[in-house]
Amino acid sequence: MPWDHLLPGAAALLATVFAASAFGKARDPRGFAASLEPLRLLPPRLLPLATRSVPAAEAAVVAAFGGCASGAEQLGRVAFGGSFALLCVFTVVIVSSLRRGPSARCHCFGRAGAAYAPRHVARNAVLGAVAAAGALAPAPAAAPEPAGVLLAVLAGGVAGLLVVVMDDVVDLFAPAARPRRG
């Protein structure tokens, strides 16, 4: 069944995205905290807690995906479910920021990225759909073919890296600002 190969690829995609996100935020906690301030979603006294809790939750999801890869199938459901929950929270934050105006910047992967835009909502919606599908997928009836699993994991990892550098790719292909002729 094709889903038996897609499930490991989906896990690799999400694990890559959340690993990069957790590492980036943990590497630059002050930058992450500064990116939370303009959102005005938390009182300033709670920012340090959020600065530690978000990357810890992301790292827990990555660890659960690792446990799933080592054969603990229930951890896969936890990993996909945790991914879905985090993506829902992140999407609510982005939508809230977009409604207030373009003041906040995405610090999703540990560096100041682009201002929040609808593409960030779309990115999270796609990742959320992958997470939901993974959480609801039936367990494989038999062990899938290892070569297919390896290919799916590699493809998922590459897709995850592309998600991580999405803002850079958009900036690369965005038309340069042209001076107005007067």
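Which residues does leucine 127 touch, not counting residues up to four places away in sequence? They are Leu13, Leu14, Val17, Leu87 and Val163, where contact means heavy atoms within 4.5 Å.

## Before you dig in

This is a predicted model, so local features need pLDDT of at least 70 and side-chain atom pairs count only at pLDDT 80 or more, while totals for chains, interfaces and linings use all residues. Residues are numbered from 1 along each chain as its sequence is written, and side-chain values use heavy atoms, with hydrogens and water left out.

## The nonpolar core

Leucine 127 turns up again in the largest nonpolar core, which has 34 residues. Leu14, Phe18, Phe65, Phe80, Tyr116 and Leu127 are the ones that touch the most other members. A nonpolar core here is a set of buried Ala, Val, Leu, Ile, Met, Phe, Trp, Tyr and Cys residues joined through side-chain atoms within 4.5 Å. Buried means under 20% relative accessible area, exposed means over 50%, and partly exposed is in between (1.4 Å probe, protein chains only).

Two or more residues come from each of α1, α2 (29-36), α3, α4 (73-100), α5 and α6 (146-164). The biggest giver is α1, with eight residues. Helices are DSSP runs (H or I, at least four residues), numbered from the N terminus. In soluble globular proteins, nonpolar side chains tend to be buried together.

## Two salt bridges

Searching the whole structure turns up two salt bridges, each being a side-chain nitrogen of Lys or Arg within 4 Å of a carboxyl oxygen of Asp or Glu. Side chains of opposite charge can pair when their charged atoms come close.

One joins glutamate 58 to lysine 25, at 2.8 Å from N to O. This pair links distant parts of the chain, with glutamate 58 in helix α3 (residues 47-69) and lysine 25 in helix α1 (residues 3-27), 33 residues apart. Glutamate 58 and lysine 25 are both buried.

The other pairs aspartate 167 with arginine 119, with the closest N and O atoms 3.0 Å apart. Here aspartate 167 sits in helix α7 (residues 166-173) and arginine 119 in helix α5 (residues 118-136), 48 residues apart. Aspartate 167 counts as buried because its relative accessibility is 10%, whereas arginine 119, at 26%, is partly exposed.

## Histidine 120 joins in

Histidine 120 is also placed in helix α5. With a relative accessible area of 0%, histidine 120 is buried. Its side chain makes a polar contact with the side chain of aspartate 167 at 3.0 Å. Leaving aside neighbours within four places in sequence, histidine 120 is in contact with Ile94, Cys106, Ala114, Ala115, Met166 and Asp167.

A polar contact is a pair of N or O atoms within 3.5 Å; within protein, one must be able to donate a hydrogen and the other to accept it, and residues adjacent in sequence count only if both atoms are side-chain atoms.
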